[in-house]
Each structure stands twice: as structure tokens, then as C-alpha cells.
Amino acid sequence: MSRNRWKVSVGLALLCALIAASVSSVWGASPSSVSTSTMEIWLSADEPVAYVEGKKFELDTPGVLKDGNSRFVPIKFLGEQMGIDVKYNEKTNRVEIGTPRAKIEVDSANKAVYINGVYLVFDTVARLFNDKLMVKESWLFDFFGAKYTFNADQKRLEITYVKKPPSRVDEKGNSRPVARFTFGKPAYKIGEPIQYIDLSYDPDAEGLEYEWTGKEEAFFTPGTHVVKLKVKDGQGLVSDTYTRSIEITKDVMYDSPMDFKLHTYPLQSLIKTNWTEVYAYFNDLPAFDKNVKEDRSRKLLVSDSPETFEDKGILYADQVNGKARLYADHLNGMKEKVQFVIMATNPGTKPVTIKTTNKGEVYPSIYANLIGHEASVEFLLGDKHDDELVVPPGQSRVYVQMPDFLPGQGVNVIYDVETDGLVEFAFMAMDASIETPISTYPLLYKQLPRDQHIRGTFPVTEKRWDIDASSFTTTQRLIFGDDDYDAWQKGYDPTTKLEVTDDGNYGVVYKIHSDKPRKMAILLQARGGPFKGPFKINGEFVLAPPSGVITAFETVQILARTTGNEPSLDIEFTPPAGSAFPMNLIFYPLD
């Protein structure tokens, strides 16, 4: 290490120590000093009293026990004040005294004392007073290195001692780290965020691991709270425990942990909820009144049943003349790779042009929540597309061919199309070579029974909900996909000639609008099962969650907050494939 770097490192370490020392006496820190100085201890001969630097201590033995011409002093008390290790060894049933000059073992039961292994008769150097060990005063100099005199006028033994600073260096020359911290201020309100200022350091600059006890983001009961810290360095050396207390007043900032989190946690945070919190804050909430407008100018073709196919063929097909949305979600249940294709056939006598105005695609994957999330993200991005495909009369063309679709993988696609004539779209699982004529593929929708998933054509592709979020005073919600507050739309499956429902309203885009929203937090709560999907809130993308999935009732995610000054609130959302419904958006007032 260069001399300049050494000076900087030492300077930082000393600065941390000085800062910690300057605030410890003010804000309830445990005493912890790097250096030591001369200390004065007075032991009274006639009463169980001692004074350390003028501070009075009550003892459970006489300060000085006189027996004949010998005087004895309380070793446990002196050890605590002078930094001498005095402890009882349960294995040997001996009191061990670790002095700077000798290792002393006292076996009071067998009336023996061992000094560096040399046997002495107990009564020559020690006494028991009410089962408390007292040792000969000469040990103060002989083994502790302290000076002492007996003041006959004051009837007290006066001890002068320089306590040895504790060694922080092991046999390999590695220094123990130092745990230190303080608070931003000495007192906080109930529910007020606590500012912890870390002052810990490692003289060897090896980096630290932290172990806190009693540390909370905020406290919700008034009074004194104790926080402790230990740190460990890169060599595994552990610091002494550092303790500091903090005072919580009776004034209130946030009255509960949940209220605190919803006000202060960063956006996109996931907040774990137990059932007590679910029932207290999020259960059976009132729902906003809403004014619903539906866009029926574009029909919705959904191919999701059977979701898992085990043969090649046509999964679903229907005709489009004008605007439509093509939506497919399938899993390859075969033992070979296939191609997922949307084929466009022109049954007329004139060429037909298909224009793609929006799309959401994803590479095949084994992760169901991932493919639904990513396809929804691209679709909500709404990037401009002007792709066109011309289908000659009486012929078929590949509208979409996805990459190789391997066994066990899923795919989710969404396309908004506009045609200037009649086109039949067929959702197909095909050979890797798509030159095979369509007519040779079986109609899987006739051969396979319908599963619990969705297949059919539906009239609505967009729902607009207008709500009033300007002045509500209790927590409200919007419910998606429950078939009550948000009814599933009904449609028709031309392949089976049956009426069907779009359970969960997959493929539909929701647009929620409110003028002049009040100050609030907007939360997502999964209810039907795992959820992973995107939202657009006032034009900004929010991923729910940023990684992984949100499990039902176990967490809520803070999607956004409003300040109360926005002119409007606009939320855009489409149910992502692979996610389960119903789902709640919760609107929590921030006061």
C-alpha cells in the first residue's frame, strides 16, 4: 500500500471512530472506546461500596475484607471495571481469571488455586464472602499491574490503573472489525422512517457483513427501543456487539406497518401480506362505480383450446372481413418440434390485402407466465406497424410463421389486422416444412374435446371504464375477470356452432380513466392464482412484478402513486396469457 493510500485509510477509520464517539453519549449508545486512560477505583473497608471515577457502586461484599493482617478485594467487580476476564468454567468447576501476567484458576470447592499451573492453598490467597470470591490485595500489583495504597483516614483502598486497550489483532495480524452506527436524530414519531447511519469500519478494509438485532424501518409503539449490530470481516473476524437506543414519541406519522409501507416503499415494491393483513386492508373492498364503453368495431378470434395439442392440424379457424384481433395461446404436447402458423386463405375472386396495425409476439418458451407477459408488453407498446400481405383469390398465404416450436414449449401471439375483403384465418400446428397443403391437415377442433380453455370469436376487443377517483375516502378497487363486476364476454365458435365465453376476457384491452385523481397508491393483488403482466399508467410502463410472479393473496405490488395534482389518471391493461383471474387493482388513499 502506498503512503498516501495508508494515510487516507487511517484517516477514514479515525473519522468513523470520532463521529461515533461524539454522538454515543447523546443518543444512547453502548460505551465503546478505542483508547483507555488512567482510572481511579476506591474500595470502602467498612461498607459494601465502591467508587469508580467518582461514580458510586453498591456491592454484595465489603469493598475490602480484612482478615488478620491480610486484605481481600472482590475479583468479579474489579474484573468488570478493569477489563480483566473473570468467568466460571462449568467443565472444570473453576473460576478462570485471565490477567495480563498469569493465568489463574480458583477451585473453591477443593480449596485450591493454580497460578500458571502451580498449586497454592486457597486460604493463603483467597476468601469466600457469601459465596463471592475475594482475592488478596497484592494481586492488584502482582497480576493486574495496578498501583494501590490503603488510606487509613478514609478507610478505603485506593487503586490507580491504566486499563489495557483490548487487542483487536489475531495471531495472523488481522484486525477485528468495529461495529458502529447512529440514528439521523435522537427521537422519532410512531411510524416515522428511521434513518440509520452506518459508521462501522474494518481496519484491514476487507468489507463487512452485517447482523442487526432489533432494527426496524419504523417503530409503532412509543418508548425506548434497543438496536444492536455486529459486523464480520472477510477473514471471519467478528466485532463486539454495538448497542444503541432510540426514543419513539407518542406523536404519529403512520399508524401501522402497512400504512407506512404504502406511503414510503419505492414504486414496484412487493409487500408481503399475511391473512391478518389481507382481511384488515384488502378483503371485500367496495368497488368503484364505473361507466363502461365497449369497442365492437373489431372482433376477437381466440385460439386457446385445446391449449395443449398432441397432433398436427388446424386448431381454430374463422373468417374476417374488416377489423379483427387474432389471439392464440398454445402448448406443444408432442414429442417433436412443429411450426405454429396462422394461415390466411382468400375464398373470393379478387385479391385481398391484410394490413397489420399492432402485434405482440414472443419466442416459444417453457415458461407460461413469461410468454403471456412478453406478448402483452409488445402489444401494449403499440409500435407503429404497416406490414401488408396480399392474398391472391382462391389461394392461401402464411400470415405468421413462428420459430421452431419445441416439445413442452408454449407460444402466445396477438395481432390487430384489417382486411379489405373476406379472409379465413386458420391457427395451425404444422410440419417444419409448410409446403404441405392445408387440406391434408386434420381439423383438431373436431377431433379433440374442448378443455377448460377458450376457443371462439367474440365481439369486443376493448373496454373503457370511466371512474371517479377524485374524492373517495376509503380504499376502493377494480375487479378484473370475475364474471360479476367484470362479466366475461359471450361469443360463438363456428367450428362447433356453440356459444362460448371468454373466461377472463383474454385478448381484451382495458382502458381505465378518471379525471383529477386524488392522492393515492395504486396496488395490484392477485386472487385467482399467479400473475405476471404489464400495465401502462399515465403513459409509463409498469411491470407486475419486475421479475418472477405475484402469488395470490401473498403479496401486493405498489404499481403507482398519484400526488393529487394530475389532471387525469389513465391505466391500460390486457389480461396476460398464463396468469389467473380474478385480479384486483386497489386504490389506497394517502392522507
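Reply: Ring pairs join Trp465, Phe480, Tyr485, Tyr506, Tyr510, Phe531, Phe535, Phe573 and Phe581 into a cluster. The model is predicted: local features need pLDDT of at least 70, side-chain atom pairs count only at pLDDT 80 or more, and totals for chains, interfaces and linings use all residues. Residues are numbered from 1 along each chain as its sequence is written, and side-chain values use heavy atoms, with hydrogens and water left out.

First, the pairing rule. Rings of Phe, Tyr and Trp (its six-membered ring) pair if their centres lie within 6.5 Å; planes under 30 degrees apart are stacked, over 60 edge-to-face, and the rest tilted. The count by this rule is 32 aromatic pairs. Take tryptophan 465 and tyrosine 485: their ring centres are 5.7 Å apart and their planes stand at 90°, so this pair is edge-to-face. The two residues are 20 apart and link distant parts of the chain. Tryptophan 465 is in strand 34 (residues 462-466). Tyrosine 485 is in the loop between strand 35 (476-480) and strand 36 (490-493). Strands here are DSSP runs of E, at least two residues, and helices are runs of H or I, at least four; both are numbered from the N terminus.

Now burial. Buried means under 20% relative accessible area, exposed over 50%, and partly exposed in between (1.4 Å probe, protein chains only). Tryptophan 465 has a relative accessible area of 1%, so it is buried. Tyrosine 485 counts as buried too, at 16%.

Phenylalanine 535 and phenylalanine 573 are a stacked pair, with 4.7 Å from centre to centre and 10° between the planes. Phenylalanine 535 lies in strand 40 (residues 533-537) and phenylalanine 573 in strand 43 (residues 568-573), so the pair ties together parts 38 residues apart in sequence. Both phenylalanine 535 and phenylalanine 573 are buried.

Of its 591 residues, 47% count as buried. Contact means heavy atoms within 4.5 Å. Among contacts with a separation of 6 or more, 72% are between residues 24 or more positions apart.
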